[in-house]
Amino acid sequence: MNMELSRRQFLRTAGAGIAGTSLGALGFGGVEEAVASAIRPFKLVNTTEVRNTCTYCSVACGILIFSKGDLKKGEKATITHIEGDVDHPTNRGTLCPKGAALLDIVHSKQRLNYPMMRKAGSDTFERVSWDAALDKIARVLKDDRDKNLVTKNNDGVTVNRWTTTGFLAASATTNETAWCTYKVVRSAGMVVFDNQARV
Amino acid sequence: MTNSWTDIKNTDLVVIMGGNAAEAHPCGFKWVTEAKATRGAKLVVVDPRFTRSAAVADYYAPIRQGSDIAFLLGVINYCMLNDKVQWEYVKAFTNAAYLVKDGFTYQEGLFTGYDEQKRDYNRSTWDYQIGADGYAMVDDTLQNPRCVWNLLKEHVALYTPDMVSRITGTPKDKFLKVCEMIAETSSPTKTMTSMYALGWTQHSKGSQNIRCMAMLQLILGNIGVRGGGMNALRGHSNIQGLTDIGLMSNLIPGYMSLPTEREPDFATYMSTRGFKPLRPNQMSYWQNYKKFFVSFQKAMWGAAATPENNFAYDYLPKLDVPAYDILRAFELMNQGKMNAYVCQGFNPLQAFPNKAKLASALSKLKLLVIMDPLETETARFWENHGIYNDVDPTKIQTEVIQLPTTCFAEDEGGLVNSGRWMQWHWPAGSPPGEAKTDVWIMSQIHLRLKDLYRKEGGANPDPILNLTWNYKDTHEPTAAELAKEMNGYVLTDVADPNDPTKKLLEAGKQVATFGVLRDDGSTACGNWIYSGSYTEAGNMMARRDNSDPDDTGAFLKWSFAWPANRRIIYNRASADINGKPWDETRKLLWWDGAKWTGYDVPDIAPTAKPQDVGPFIMNPEGVSRLFARGMMRDGPFPVHYEPFESPVANVIAPKIRGNPVARVFKDDFTQFAEVASKEFPYAATSYRLTEHFHYWTKNNQVNAVLQPEFFVEISEQLAKEKGISNAGWAKVSSKRGSVLAKVYVTKRIRPLTVDGKTVHIVGIPIHWGFVGAARKGFTANVLTPFVGDANIETPEFKAFCVNIEPTTGPVA
C-alpha cells in the first residue's frame, strides 16, 4: 500500500490550475482563463496539514487535520477539516460516525474557554484568572497535605502516604501528559490516584 | 492486545464475546471483515443482545449477562472430553504437567483457605509442589492426579452442555455448535482470535472472564501465533498508555508495584521480587526488576536517589490497603474522609455506579478541581437540572474550580493503541480562549507547591523539592523532553568490562533498549517498557513507513510497539518445541539453527535454544498458566459466580452470593436487590452505541442529532407483558434509583430460559446527561450497583437487576 503519489500531492497538483491539461495543450488559453476564474480554489490547498490520531477509541485511526494558519510558523491556526489518513495501516482512511464528526468536537459549543470558579453554596460559575485558580489549588493542596500526610504508621514505619486529596487521571491525554501528571502526583505522596482504565 | 488490529486478518475464527466491535470499534472491526473475505474466516458472536457484530456473524448464540465463565468452562470441558487439544503446545508451553500442593481443593464454589469474615482466601496451598532441586515438580506423562491438567479436568467436569444451558440460558444446540466451531482451532494450522471489551471487564468477576478465555486459547494453542491471541479492545485512545505509565493507586510505570507498609525497607520490598526461575534455564525476565525500579527512582529523583538512601525508597508512599481505586475514593469521600479531588479529563459523576452516592460524596469535598476541554456533569454536580439533577445548590458547600484544557487536535505526543503501538501526533490548531495544555497546568501546580514548601517548609517536602524537573522551560516541558525521560537515558559513563578503553554506555545518551538499564544508579528510565521509543536515532513513535513485507500485518516500521517494537507478544510460541512454525503458511518466528528469526522482534533471547527456554519469558516457569497459583484473589481456576444482583440463585453453589471475595462496602450491600427479587425481576445491562463515545459526543452537534435522547431496549415479549408500547415511556428502577426513558421494543433482545425460569433482559445505553447538545436525559449509572471486580475493582455495570413499568413522559 505504498503510494507513488500521495493524495496530498495529488490535491496540490489538481488545485494548481488546468494549464497542464489537454485544454491548455490544444491552445484554448482564453477558455482556460474563463474556466479558472469561475472555479473556486479547492479549499484544502490553502491549509496546513497535520497528522494526528482520533481521540476516541483505541483502534487509534490515523487522521489528517487541515488548518487555516500554521502553528509551526507561530501563526494562530483554526482547524477547518478533519479526515481519515489513507496511509494509516489500520484504518486506511476510513472513519466511524464518531471519527467522521471530529471537527464538531474540536469546535463544540461546550468547549471550555476560561478558568471558572463556583463558590460554596453558589448556583453559578464565575470567571477567574489562571493565577487566582492555580494559587488557590496550590494553597488547598499544601494545607491539606501538611495536615494529613501520614509520615509514619502506628508501627513506626515510614509510609509518607497522603489519602485526603485524590487525583483522577484521564484516558485520552498523551503518554507525555500522563508521565508529567504521574511525577507531580506521586512525588506529593498521593495514593488516591486512578485513571479511566478502571472502567 | 497480545496481537494487533491488522493481525486479525490472519485468523480462521473470530469469537466476539464480552464486546461488540462492529458497534464500538468499527474501523478495527474491518479487519474481521477482511479475514472473512480473504481467508474465509468465520465470526461467532455470543451476547445477550443480537448486536451489530451479531448481525454480520456466521453464528450467533444468546447468553445471559454475567454467565460467561459457565459458558467458557463448558467449552473447555468439551475440548478436553473430545480430545480437541493442541497437545504439543499444551505439554510444552503450559503448566499442565506441574504438580499442585496436596492441600489445594475445590468444593461447592470455594477453594481451600476461604475466610468468610474477611471475604478473602489464604492462598498458601494454591501453588506447585517444589522438589529438592528447588524447582517446581512436573509429570510430563500427565498421569499424576495432582497435575494441573487433571485438576482442571475435574474442575470443569461439572459444566456439561446441560448445565451450561441451565445457567446461561444459551440453548444447548447453540452452545454445542459454538463448541464445535471453537474446537476446530485446536489444529496446529487453525487459529482463533478472542476480541473482548467491557462486556467482560465490567463484572464482579471480570478478570476471571478474561482468564477463562485465555486458558481456552492456550489449550487450543492459539496464543503467540498470527491471527490468535487475547485481544482487549480498549476503550479510550490512550487508556493503554495511562495503564502502562501506572496512573493508578498501586502502580509504578511498566507494571511494577508501589510498596505496601509491610515492606518497610528496600531489601524487604525486593525480597518478594526476585523471580527466581521455577524451572531450569528459564529467562524469568522479571529478574531484572531491580534495574527497572532503580532506573525509575533515578528518573524521578535524580541525584537525590543514592545507594545510601536505597535510591530514595522512602520517597514513595506505602499503601495500607490493596489500592485506593475510584470506588474506594468515592466511599471515603462519602464518609467525609477526603477534602480535595482533581478530575483530569474524566467525568466520574457519569462514569461510576450509583449516581446518588457519587453526588453525595462530591458534596462533602472542600474543593473539586476539573481539568477538561469540555463541560462535564461532574463540574456542575451542584447545579439544579430538574429531574435530571435534582439538587439544591445552596446546600452544597463544595468549591469547584474548572480549568479549560486543550484537546487532542491542539497538543503533541504519543498515544498507545490496543495493539500497543505508540503513535505520535502533532498539534494542528490553536486552543480556544485561555485553554492550556494539561502539562502546563500540572507544571504550575508542581512549581507552586515547590515554591510553598521552599518558603514555608512543611510535611516531608523532599520528594517534591527533589523531583527531577530539568526542562528547558520549567513551566511547560515539551512532549519530546517527557518522552525521552520515559525512554531512559544514561547518567554516568559505564565502561565496557571487556575493554576498559571503551564505553558500554555514555553519559547523556538515550538508552537504545531496556536491556542496558542498570541497578547501580547509572541509568534513569521513567517507564522501562517504553525503552526504545525515543533513542539516539530519534523519535521511533513518529515513524510512518507502512511497508509490510509478505503482508503479514506486522508493520514493524510504523510507529513503535512496546515492548521492544514487538507486534505479537509470546511470538516464540508460534513455533513448536524445536522452533519449527506450527503453520508454514502463517509462520511468524523460527529457529534457524543458531538464532531466532522471522517477521517480528523475537519475544525470547535471540540465541535461546528452543528446547531449553520456554516462550513465556515473564513467568518464572517459562510456560503459561492454566492454573494461576495465587495470582488471582478469587481462585487459580475460574468458577461460575452470579452477579451480585441476579434473577436466579447460583446453580452450582446456591449459598454463594456474587463473587465471594469481591470487596463490598457495608452500606452498599444494603443497596443490592436480593437474589431472584420480585421487586426487581429483570436482568439489566448497559452498553454503548456506535454514534456516541461515552459522555463526550453528546457535546457534538452531529452525534447529538444522530442519537438525540436516552432510551432503553426491551423484547416484544416483555413489552406485551408490561403493556409498554414502542416509543412509549417507562420508569426503570433499581434498588438505587429510577430513570424515565423512551422504550425501544426490539427483536434484538429476547427472553432466555434460565434454570427453568423465563428471564427478561433490559438494555440500557449510557450516553446522555444534563449538559451537552443532546436532549437532557438520565444516565444508566443512576441504576448500577457500587461493586467492582474482585481483582481490579472495575464496576459491575454489565449485570444488575431492575424493574420496568409503563408511565407518561417527563413534563417538558
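These legends go with a set of close-up views of a predicted model.

**View 1. Chain A from end to end.** Let's start with the parts list: chain A has six helices and eight strands. If you walk along the sequence, they turn up in the pattern α-α-α-β-β-β-α-β-β-α-β-β-α-β. Chain A has 199 residues, and 46% of them are buried. Now take the contacts in chain A between residues at least 6 apart in sequence: 36% of these join residues at least 24 apart.

**View 2. A three-stranded sheet in chain A.** Here you can pick out an open sheet with the strand order E1-E2-E3, paired in the antiparallel sense. Which strands sit at the edges? They are E1 (48–53) and E3 (78–84) of chain A, and each of them pairs on one side only. Neighbouring strands in this sheet are turned against each other by 30 degrees on average, if you ignore direction. Zoom in on strand E2 (residues 62–68) of chain A, and you'll find that E2 and E3(A) are joined by six bridges in the antiparallel sense. As an example of who faces whom, look for Phe66(A), which stands opposite His81(A) in E3(A).

**View 3. Where chain A meets chain B.** How many residues of each chain take part in the contact? On the chain A side there are 107, and they touch 135 residues of chain B. Helix H5 (residues 130–148) of chain A gives the most to chain A's side, with 13 residues. Sorted by class, that side of chain A has 53 nonpolar, 33 polar and 21 charged residues.

**View 4. Strands pairing across the two chains.** To find one of the paired spots, go to Thr165(A), whose bridge partner in E12(B) is Ala340(B).

**View 5. Two helices crossing between the chains.** Helix H6 (residues 175–187) of chain A packs against helix H19 (residues 479–487) of chain B, with the axes 9 Å apart and an angle of about 70 degrees. Because angles of 65 to 115 degrees count that way, H6(A) is roughly perpendicular to H19(B). From H6(A), the residues Asn175(A), Glu176(A), Trp179(A) and Cys180(A) meet a group in H19(B) that includes Leu482(B) and Met486(B). By class, this helix contact has six nonpolar, one polar and two charged residues.

View 6. You'll find Ala178(A) in helix H6 of chain A. Is Ala178(A) buried or exposed? It is buried, because 33 other C-beta atoms lie within 10 Å, and 20 or more is enough to count. Setting aside neighbours within four places in sequence, its contacts include Ala169(A) and Thr173(A), along with Gly241(B), Leu242(B), Ile245(B) and Leu247(B) from chain B.

**View 7. A hairpin and a parallel partner in chain B.** Strands E28 (residues 729–734) and E29 (residues 737–746) of chain B form a hairpin with two residues between them. Six bridges link E28(B) and E29(B) in the antiparallel sense, and Ala730(B) has Ala741(B) as its bridge partner. E29(B) also pairs with strand E27 (residues 711–715) of chain B, this time in the parallel sense over five bridges. There, Ile714(B) stands opposite Val745(B).

Notes: Residues are numbered from 1 along each chain as its sequence is written. Chains are lettered from A and ligands numbered from 1 in the order in which they are written. This is a predicted model: local features need pLDDT of at least 70, side-chain atom pairs count only at pLDDT 80 or more; totals for chains, interfaces and linings use all residues. Two residues are in contact if their C-beta atoms, placed from the backbone, lie within 7 Å. Helices (H or I, at least four residues) and strands (E, at least two) are DSSP runs, numbered from the N terminus. Ala, Val, Leu, Ile, Met, Phe, Trp, Tyr, Cys and Pro count as nonpolar, Asp, Glu, Lys and Arg as charged, and the others, Gly among them, as polar. Two strands pair if DSSP finds at least two bridges between them. Axes are lines fitted to C-alpha atoms, for helices over the stretch in contact, and angles run from 0 to 180 degrees between N-to-C directions. A residue is buried if 20 or more other C-beta atoms lie within 10 Å of its own, exposed if 12 or fewer, and partly exposed in between; C-beta atoms are placed from the backbone. Angles under 35 degrees count as roughly parallel, over 145 as roughly antiparallel, 65 to 115 as roughly perpendicular and the rest as oblique.
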